[in-house]
There are 6 protein chains.
Amino acid sequence: MQAKSPKESFTTSTHIVLPNDTNVLGNLMGGRLLHWMDITAAIAANRHCRRVVVTASVNHVSFNRPIALGDTVTVEARISRAFTTSMEVYMEVFVEGKTTGEKEKCNDAAYVFVAVDQVGKPIEVPPVLPETHKEKELFDSALRRKQLGLLLAGKIKPGEAPELKELFAGK
Amino acid sequence: MQAKSPKESFTTSTHIVLPNDTNVLGNLMGGRLLHWMDITAAIAANRHCRRVVVTASVNHVSFNRPIALGDTVTVEARISRAFTTSMEVYMEVFVEGKTTGEKEKCNDAAYVFVAVDQVGKPIEVPPVLPETHKEKELFDSALRRKQLGLLLAGKIKPGEAPELKELFAGK
Amino acid sequence: MQAKSPKESFTTSTHIVLPNDTNVLGNLMGGRLLHWMDITAAIAANRHCRRVVVTASVNHVSFNRPIALGDTVTVEARISRAFTTSMEVYMEVFVEGKTTGEKEKCNDAAYVFVAVDQVGKPIEVPPVLPETHKEKELFDSALRRKQLGLLLAGKIKPGEAPELKELFAGK
Amino acid sequence: MQAKSPKESFTTSTHIVLPNDTNVLGNLMGGRLLHWMDITAAIAANRHCRRVVVTASVNHVSFNRPIALGDTVTVEARISRAFTTSMEVYMEVFVEGKTTGEKEKCNDAAYVFVAVDQVGKPIEVPPVLPETHKEKELFDSALRRKQLGLLLAGKIKPGEAPELKELFAGK
Amino acid sequence: MQAKSPKESFTTSTHIVLPNDTNVLGNLMGGRLLHWMDITAAIAANRHCRRVVVTASVNHVSFNRPIALGDTVTVEARISRAFTTSMEVYMEVFVEGKTTGEKEKCNDAAYVFVAVDQVGKPIEVPPVLPETHKEKELFDSALRRKQLGLLLAGKIKPGEAPELKELFAGK
Amino acid sequence: MQAKSPKESFTTSTHIVLPNDTNVLGNLMGGRLLHWMDITAAIAANRHCRRVVVTASVNHVSFNRPIALGDTVTVEARISRAFTTSMEVYMEVFVEGKTTGEKEKCNDAAYVFVAVDQVGKPIEVPPVLPETHKEKELFDSALRRKQLGLLLAGKIKPGEAPELKELFAGK
């Protein structure tokens, strides 16, 4: 299968924070943003492999600053790395000052999607060919995120994550 | 502040998977479940501290099996551990066979919430007093999940996570 | 068919009142609560009979006190009695003080569901075996609610409701 | 206060049954219809008294026939009778054959609304002046529905419903 | 095919402006109203031809005055003219003073629908027989709106719109 | 006020067609797309002027081909021209083959927005400085669309649209 650049799966979605998206402080609820990110990530993953894709896992997402009612929120997604049948979708979330237009990054997140056939069986996806410095960095760190995620999920033991072991030993 | 048991914050929400919650395979979309979990977790966190709470982060969530249109989904949440102003909400998601009634666990997840005052400044929450074996186990592992989460988010370096270092060294 | 206890169908759903659920006074609209109750009741009815269930009727529902934006609302449902192919789902609605945690009952309601096969034809459901004092009381009063409901709907004449006749004669 | 005719509060709402409104049999869920009826009734009640109105209770609603995905549903509401601060809104629900255009009545229902001031205190509403035969019939039967409703809700005892007593005695 | 009067397709839908329908000024967003109009128009078009109908185009819609949170909005639709397989649905939008009850027209709009068979192929619809003065005026002006619409869409050149040419020449 | 290029307001939103967005043929309903376009256009208009913006009118929108359930839809918006306090937002809608990835244009549309202050009074916006050939063409044709729109809305007479008169005379 021919490798694809992260640019080919790049996807942008733009949203206005509406009243029903907010909590009692008038700020965007985390769950709504998680939902927006999931849909944007699914489109990016489909653009990479052109198959039906399903969410396999969500890695750590931090909500670093409140996003207010009426704010414009942009989610930018691209595939950072593929692992046979799965793809890490790396996302950045920006909020934009309504009067200043200043764009501030308020989140990043990595979701993992799997490509499946009609009966839901995983199928192979194209590898990712990173080109820019940032794309290469995300490609490299994707393996570490994968192992940390599996560790968090209790699916592997520390001894089964050689990259992480090295990370700790190296210090 | 007086400690509270995880039982005091225990929260259940029950949902039917409707057409708009599904992808083209007729299965529940990840983003919708993430949203349901966020609202259930917010209620549990409020029950623990009785203050306004906001989502601070989501730790690793895996989607282990498809959930079909029409399925009954139950999200069970309780506070597993508190860290001064933040609380880890541990959740289990169950799906129930419509004709058999068999309840099968299909996810677990940990979200972190912070209690805030009217201007959004973090405020202290009661500690958690685990009682059962399971509650104690979740209490203990919460610290490891916190450090793995911070590591995943790039907010700490491996050297700043002594518990994890030990975990790897111990192997 | 083997009788089932109301405990086996017990279902809880928990909700936060969001902006779009409220009227111009900032209180939960009745229609939204009726909708939440219908979904919770459908899950309880399915748990009792493990068949497809459809709403057959709603008996009297009173809205006794306003529920405010941001309040936590809990709907608790269980089958109180079965009548061959139909089931009365008895529900209680509680609202919870956000800062005090005090749980106050604000509604009760009885919905009737019917179990149906693939073409929508009614099919038999298990009888209900009440155990506690409260369950027995609800089991007994279900018949009176049924007759009052049919009378309200104009489907029976007073003379066809012997239980009610007695009720009035007895005074 | 000047009496108003039911025609002055007459309100029609028309809906198409969309996928998310349906259950696994592809039919309109009861809860969605209850919600549509509540909003239509609120508009009719506001048209009668021109004040803020809130749902006070729902009398018996029967769901007499399934309504399918894609069907056109019409809810017709008007005030049938006023009781100082409350109004009974009588509604009829029609479904329309998509290819034949035949309009079939599939429900009727009576909701009760109360007019309130800014702090939620009940305030007086205009009386209803029925004109047609049907309007007079609904006006008369409203009192009986009110007493049956209070009886169902357990708010009055049979002895406190003289109209109903007579109804049963008369047989 | 037998002609039908605009009365036969007349359709009313009534809405309350809810929080999620509003922008940061607390007024109804244009997009929500466009959506309400589309659904109301689809019902009217189906009533005219009793076939599946799809939106073909929207002619000019102006938003002449703000509509506030909590306002009652009524959309009235009827078929003004048919062109073989398409129908112009003419709509008027009214807003109603909550305390005064005064009904004020705030928009008119013309949407065009096409009747289609199961595979989406256009099929013939009945002609429209206008009866009142207003219906005749709308019938006549529909042709001009059609040509202006095609011109706006760049689908015809000025020379292909004889009616419009005359309009300008006549001045 | 300093002129801005259409690039500075360029806005992309990406959507998956979900079940509730579709009609009985399984295709995207026009009203949903009109709603998506309104929100995307509002973000673009805000990016141009950094003020609160409200929808003033919709010019002709054609729906040229059906968009199916599960399709990925992209709305691209930019300001084509400003007229003192109003802005024309020109939009193109693309649908993307799920397996081929081919992007096909299926609509274009022009919405007009007005910038307003806190009390809803129109305020001046920056002029548009078109740079590319396409931007210049859209800038020029915006005036013709404006006059056709006003003519369609019955707000001007043919004699008051000199540009259009010339258009017809010129043929």
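F:Q147 is buried, with a relative accessible area of 11%. Buried means under 20% relative accessible area, exposed means over 50%, and partly exposed lies in between, with a 1.4 Å probe and protein chains only. F:Q147 sits in helix α2 (residues 133-152) of chain F. Helices (H or I, at least four residues) and strands (E, at least two) are DSSP runs, numbered from the N terminus. Beyond residues up to four places away in sequence, F:Q147 touches F:I156, F:A161, F:P162, F:E163 and F:L164. Contact here means heavy atoms within 4.5 Å.

This is a predicted model, where local features need pLDDT of at least 70, side-chain atom pairs count only at pLDDT 80 or more, and totals for chains, interfaces and linings use all residues. Residues are numbered from 1 along each chain as its sequence is written, chains are lettered from A and ligands numbered from 1 in the order in which they are written, and side-chain values use heavy atoms, with hydrogens and water left out.

Turn next to the sheet that involves chains C and D. Six strands form an open sheet in the order β1(C)-β4(C)-β5(C)-β6(C)-β2(C)-β3(D), with antiparallel pairing. Its edge strands are β1 (11-16) of chain C and β3 (61-62) of chain D, each pairing on one side only. Two strands pair if DSSP finds at least two bridges between them. Between β1(C) and β4 (residues 72-83) of chain C there are six bridges, in the antiparallel sense. In β4(C), C:T72 is the bridge partner of C:I16. Helix α2 (residues 133-152) of chain C lies across β4, β5 (86-96) and β6 (103-116) of that chain, at about 70° to β4(C). Axes are lines fitted to C-alpha atoms, for helices over the stretch in contact, and angles run from 0 to 180 degrees between N-to-C directions.

Chain E has a strand pair to inspect as well. Strand β1 (residues 11-16) of chain E has five of its six residues buried, so it is largely enclosed by the rest of the structure. β1(E) runs antiparallel to strand β4 (residues 72-83) of chain E, and six bridges join them. E:S13 has E:V75 as its bridge partner in β4(E).

How do chains C and D meet through their α1 helices? Two packed helices are described by the angle between their axes and the distance between the axes. The axes of α1 (residues 30-49) of chain C and α1 (residues 30-49) of chain D come within 8 Å and cross at roughly 170°. That makes α1(C) roughly antiparallel to α1(D). Angles under 35 degrees count as roughly parallel, over 145 as roughly antiparallel, 65 to 115 as roughly perpendicular and the rest as oblique. On the α1(C) side, C:G30, C:G31, C:R32, C:L34, C:H35 and C:D38 take part, meeting D:G30, D:G31, D:R32, D:L34, D:H35 and D:D38 in α1(D). By class, this contact has two nonpolar, six polar and four charged residues. Ala, Val, Leu, Ile, Met, Phe, Trp, Tyr, Cys and Pro count as nonpolar, Asp, Glu, Lys and Arg as charged, and the others, Gly among them, as polar.

Stay with α1 of chain D. D:R32 is found in this helix. D:R32 is buried at a relative accessible area of 18%. Leaving aside neighbours within four places in sequence, D:R32 is in contact with C:H35, D:N20 and D:D21. D:A41 and D:A110 are 69 residues apart along the chain, yet their C-alpha atoms are separated by 9.0 Å.

D:R50 lies in the loop between α1 and β2 (52-58) of chain D. Its phi is near 55°, a positive value in a residue other than glycine. D:R50 is buried, with a relative accessible area of 14%. A:T84 lies in the loop between β4 (72-83) and β5 (86-96) of chain A. Phi of A:T84 is near 60°, again positive in a residue other than glycine. A:T84 is exposed, with a relative accessible area of 56%.

Some chains do not touch. Chain B and chain E have no contact, and their closest C-alpha atoms lie 18 Å apart. Chain C and chain F do not touch either, with nearest C-alpha atoms 18 Å apart.

Finally, the cysteines. A:C106 is buried at a relative accessible area of 1%. F:C49 counts as buried at 10% relative accessibility. Over all chains, a search of the whole structure finds zero disulfides, a disulfide being a pair of cysteine sulfur atoms within 2.5 Å.
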